[in-house]
Amino acid sequence: LAHEAVLLMQQIFKTKPQYLKVIPRRYPEIVVHLIQMMFASKDDIVKECQELLMLIIEKNSRLIPTLAKTGIVIFTLEHLEDCSDYLISLLHKCHMRQKEPYAEMNQSVLEPYLPGPLVMKLSNARDPA
């Protein structure tokens with residue numbers, strides 16, 4: 001059922017591209033639901049959700065600061081090897097917003113608390129295209 005729901009959302013956004021801006025603004029919980037569906041750990045659902053998330057974030061970059069509240073960090077910690085480069089770069093943008101005036105240059109204040117492999121991936125991440 002989750003896979004069909006993701007495919008239906010993709011089809012809606014392909015046929016009505018203007019909905020990519022309207023729906024996430026009116027219903028920001030759609031991003032939370034996509035992240036939650038990725039926890040199903042089925043490869044096809046994870047891939048489709050990441051692609052749909054990529055489409056939504058490309059049209060709504062103002063959603064990036066809210067990603068920290070969606071569970072994307074927990075998903076990335078749990079499934080680091082399965083994450084796409086785009087998802088890692090989104091997490092990097094969200095992660096680097098967690099700065100304090102006393103933090104070192106190009107370093108998040110959360111960095112000392114994150115596992116080494118995740119920090120390495122985040123430091124190698126580029127901004128999403």
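This is a chat about a predicted model of a single chain.

User: What secondary structure does the chain have, in helices and strands?

Analyst: The chain has 7 helices and 0 strands. Read from the N terminus, the order of elements is α-α-α-α-α-α-α.

User: And how much of the chain is buried?

Analyst: The chain has 129 residues, and 38% of them count as buried.

User: Ok, aromatics. How many aromatic pairs turn up in the whole structure?

Analyst: The search finds 1 aromatic pair. The partners are phenylalanine 39 and phenylalanine 75, with ring centres 5.5 Å apart.

User: Is that pair stacked or edge-to-face, and why?

Analyst: The pair is edge-to-face because the ring planes stand at 90 degrees, and planes over 60 degrees apart count as edge-to-face.

User: Where do phenylalanine 39 and phenylalanine 75 lie?

Analyst: Phenylalanine 39 is in the loop between helix H3 (29-38) and helix H4 (43-59), while phenylalanine 75 is in helix H5 (residues 72-78). The two are 36 residues apart in sequence, so the pair ties together parts that are separated along the chain.

User: Is phenylalanine 75 buried or exposed?

Analyst: Phenylalanine 75 is buried, at 0% relative accessibility.

User: Switching to charges. How many salt bridges are there?

Analyst: The count comes to 1 salt bridge. Glutamate 51 makes it with lysine 47, and the closest N and O atoms are 3.5 Å apart.

User: Where do glutamate 51 and lysine 47 sit?

Analyst: Both residues are in helix H4, 4 residues apart, which is about one turn of the helix. Glutamate 51 counts as partly exposed because its relative accessibility is 30%, and partly exposed covers the range between buried, under 20%, and exposed, over 50%.

User: What about a nonpolar patch on the surface, which residues form that?

Analyst: The nonpolar patch is made of Leu8, Ile12, Tyr19 and Val22, which together have about 310 Å² of accessible area. Helix H1 (2-15) and H2 are the elements that give two or more residues to the nonpolar patch.

User: Take leucine 8. Buried or exposed?

Analyst: Leucine 8 counts as exposed, with 53% relative accessibility. Leucine 8 belongs to helix H1.

User: Why does 53% make leucine 8 exposed?

Analyst: The cut-off for exposed is over 50% relative accessible area, so leucine 8 qualifies at 53%.

User: Now some other leucines. Where is leucine 34, and is it buried or exposed?

Analyst: Leucine 34 is in helix H3. At 0% relative accessibility, leucine 34 is buried. Between leucine 34 and alanine 5, which are 29 residues apart along the chain, the C-alpha separation is 9.9 Å.

User: And where does leucine 80 lie?

Analyst: Leucine 80 is in the loop between H5 and H6. Leucine 80 is buried too, with a relative accessible area of 15%.

User: Last one, serine 123. Which helix holds that residue?

Analyst: Serine 123 is in helix H7. Serine 123 counts as exposed, at 53% relative accessibility.

User: How far are the C-alpha atoms of serine 123 and isoleucine 88 from each other?

Analyst: The C-alpha atoms of serine 123 and isoleucine 88 are separated by 9.8 Å, and the residues are 35 residues apart along the chain.

Terms used
Residues numbered from 1 in each chain as written. Predicted model: local features only at pLDDT ≥ 70, side-chain atom pairs only at ≥ 80, totals over all residues. Heavy atoms only, no water. Patch = residues over 30% accessible without salt bridge, like charges linked within 9 Å, V, L, I, M, F, W, Y side chains within 5 Å. Areas by Shrake-Rupley, 256 points an atom, 1.4 Å probe, with all protein chains shown as cover. Salt bridge = Lys/Arg side-chain N within 4 Å of Asp/Glu carboxyl O. Buried < 20%, exposed > 50% of the residue type's maximum accessible area, 1.4 Å probe, protein only. Phe/Tyr/Trp six-rings, centres within 6.5 Å; stacked < 30°, edge-to-face > 60°.
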